[in-house]
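User: I have a structure to go through with you. Can we take it question by question?

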Amino acid sequence: MISYFSSLSFIFNNIIKSVFLKKIGICKLDCCVFEVSYFDCFSFKNIPNYNTSAMDGYALVFSKIRYNFDFVYNRFFIIDLIKAGDFTSSVFFDGDYVVEIMTGARIPEFFDTVVRLEDVSLDFNNPFEIVFEKVLFFGENVRIFGDDFKIGSFIIRKGSIFELKNYVSTSTFGLKNLFFLSKIKVYLICTGNEIIDSFNLDYNNNFINNSLYTYFLSFFKRISIDVSYYGISLDLKNDLKFKIYNLINKDEISLIVTTGAVSKGKADIIPSILSELNIDIIFHGVFIKPGKPILFANYLNKHYFFCLPGNPISSIIGLRFFVYPFIRYIMGDVLESPLKAFLEEDYVLKRTVDLFLKSFVFFYKNNFHVRIMEDQQSFKVKSFVESNSFVFLRLCDSSKKGDVLNVYFYEPF
Ligand SMILES: Nc1nc2c(c(=O)[nH]1)N[C@H]1C(S)=C(S)[C@@H](COP(=O)(O)OP(=O)(O)OC[C@H]3O[C@@H](n4cnc5c(N)ncnc54)[C@H](O)[C@@H]3O)O[C@H]1N2
Ligand code: MOO
């Protein structure tokens, strides 16, 4: 059996990225969060595209300001009112003139400085005059042409993931479409004779509700991965084999995620099905708990498999720490960095493998702290929903109160 980090190397080494590069799609900007940009996209104009006022105030020509030592105030005449969106004339009046200007309005040519409304006094006898004694700096309260984006600066870089924040820059430039790498298509199959999807509240039988598929589907949707649910497969070899056979014959690149039927029992039919279909099993079993029986397989560098152990928390760990890094990797993103948090109490249980522990992380006195939950068994859902993160505790890590541990939020987005 291999360690968690070796398993990641096996996964990454098995991915031929060029396969994903082959299919490029154009994507509308209303649906591209988590898409991977295929081209560098450069700014084609300066933003702001003209000088605008950063404040509601009066625009003036700095050189006209006189700082005298005899306490004579600066006195200017208001010649215009410009609101954002107004047409700005380029006629220049030489003299002690200001224009009243609102935030975002284009500053007329030759004006270079803005004094804020609250820094001037109005003379009630002369309504078209302002007076101020505040010391101004040249260019104060002016948003300069090209100060945010200059022509040729990056809007989004090739290979980077389009995040929500990127909408602000693409919308600033009025972009409608971008080119993105095609994404892997995901199929989810849950297995087990005892599992049902009908949200049945009657527990007087041998069935249990499927506690995983809604979580899995939502997880993929949150990272904008297209996922199809293939329902529950009974622990009958031919049923599952037929489904997998159909999937690997599709002309697409896919990731097939299964839950259950992957450990040692009579009903654990996945490893033999994959072998019979000549699907290459890269590893089966990792030195971790929970989630040890996880299996990763590859069919002709076209269809990848993560077969996750059925206990709910084991499956969730498989999704979070194997499937998710796989998807990040093919999208060109680096391995996620853990949060560092101080352990609240000693964790004393004897350890033989690396552990993923349900935990609760919180912020207190400028630091993150983490509390490890009591109920760690992988069938226990209650302690999972009462917590928010996994501590990844390697065998070599000390787990005494005050130690700094690696923590990963359940939801990485
Ligand atoms: N002899 C051994 N037995 C087991 C081993 C082992 O190494 N030797 N490993 C144990 C470990 S660790 C785990 S985890 C489980 C994983 O087993 P499977 O992947 O084969 O999963 P199942 O047997 O199908 O299910 C396990 C458990 O989880 C429940 N389950 C399954 N799917 C769902 C679902 N979608 N929603 C809710 N609950 C689910 C299922 O009813 C079982 O109780 O094997 C150990 N055994
Ligand atoms: O994956 Mo299993 O027991 O380690 O839950």
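What follows is a set of questions and answers on a predicted model.

User: Which residues come closest to ligand 1?

Analyst: The model is predicted, and totals for linings use all residues. Ligand 1 is surrounded by 20 residues. The closest of these are E194, N210, V262, D268 and G310.

User: How does the shell around ligand 1 divide by class?

Analyst: Gly counts among the polar residues here. On that basis the shell around ligand 1 holds 4 charged, 8 polar and 8 nonpolar residues.

User: Which residues meet ligand 1 through polar backbone atoms?

Analyst: Take a nitrogen atom of ligand 1: a polar backbone atom of S211 lies 3.1 Å from it. Then take an oxygen atom of ligand 1: a polar backbone atom of G310 lies 2.9 Å from it. The residues are S211 and G310.

User: How much of ligand 1 does the protein bury?

Analyst: Start with ligand 1 taken alone, which exposes 860 Å². Of that area, the protein buries 69%.

User: Where does ligand 1 sit, and which elements give two or more residues to the shell?

Analyst: Ligand 1 sits in the largest pocket. Two or more residues of its shell come from each of these elements: β15 (208-209) and α7 (312-330).

User: Which residues surround ligand 2, and where does ligand 2 sit?

Analyst: The shell around ligand 2 consists of K289, P290, G291, K292, P293, N311, S314 and S378. By class, that shell has 2 charged, 4 polar and 2 nonpolar residues. As for location, ligand 2 sits in the largest pocket.

User: At what distances do G291, S314 and S378 lie from an oxygen atom of ligand 2?

Analyst: G291 uses a backbone N or O atom, 2.5 Å from an oxygen atom of ligand 2. S314 uses an N or O atom of its side chain, at 2.6 Å. S378 uses a polar side-chain atom, and its distance is 2.2 Å.

User: What is omega for the cis bond from I47 to P48?

Analyst: P48 is in the loop between β2 (41-42) and β3 (52-53). The peptide bond from I47 to P48 is cis, with omega near -5°.

User: What is phi of N141?

Analyst: N141 is in the loop between β9 (126-132) and β10 (142-143). Its phi is positive, in a residue other than glycine. The value is near 60°.

User: How many aromatic pairs are there, and what does the pair of Y215 and F384 tie together?

Analyst: The structure has 39 aromatic pairs. Y215 and F384 make an edge-to-face pair, with centres 6.2 Å apart and planes at 70°. Y215 is in helix α4 (residues 213-222) and F384 in helix α8 (residues 382-385), so the pair ties together parts whose separation in sequence is 169 residues.

Technical notes:
Residues numbered from 1 in each chain as written. Chains lettered and ligands numbered in written order. Predicted model: local features only at pLDDT ≥ 70, side-chain atom pairs only at ≥ 80, totals over all residues. Heavy atoms only, no water. Near = heavy atom within 4 Å. Polar contact = N/O pair within 3.5 Å; in protein donor to acceptor, adjacent residues only side chain to side chain. Areas by Shrake-Rupley, 256 points an atom, 1.4 Å probe, with all protein chains shown as cover. 1 Å grid on protein atoms, 1.4 Å probe; cavity = no way out; pocket = protein on both sides within 12 Å on 5 of 7 lines; lining within 4 Å. Sits in = over half its atoms within 2 Å of the grid points. Helix = DSSP H or I, 4+ residues; strand = E, 2+ residues; numbered from the N terminus. Phe/Tyr/Trp six-rings, centres within 6.5 Å; stacked < 30°, edge-to-face > 60°.
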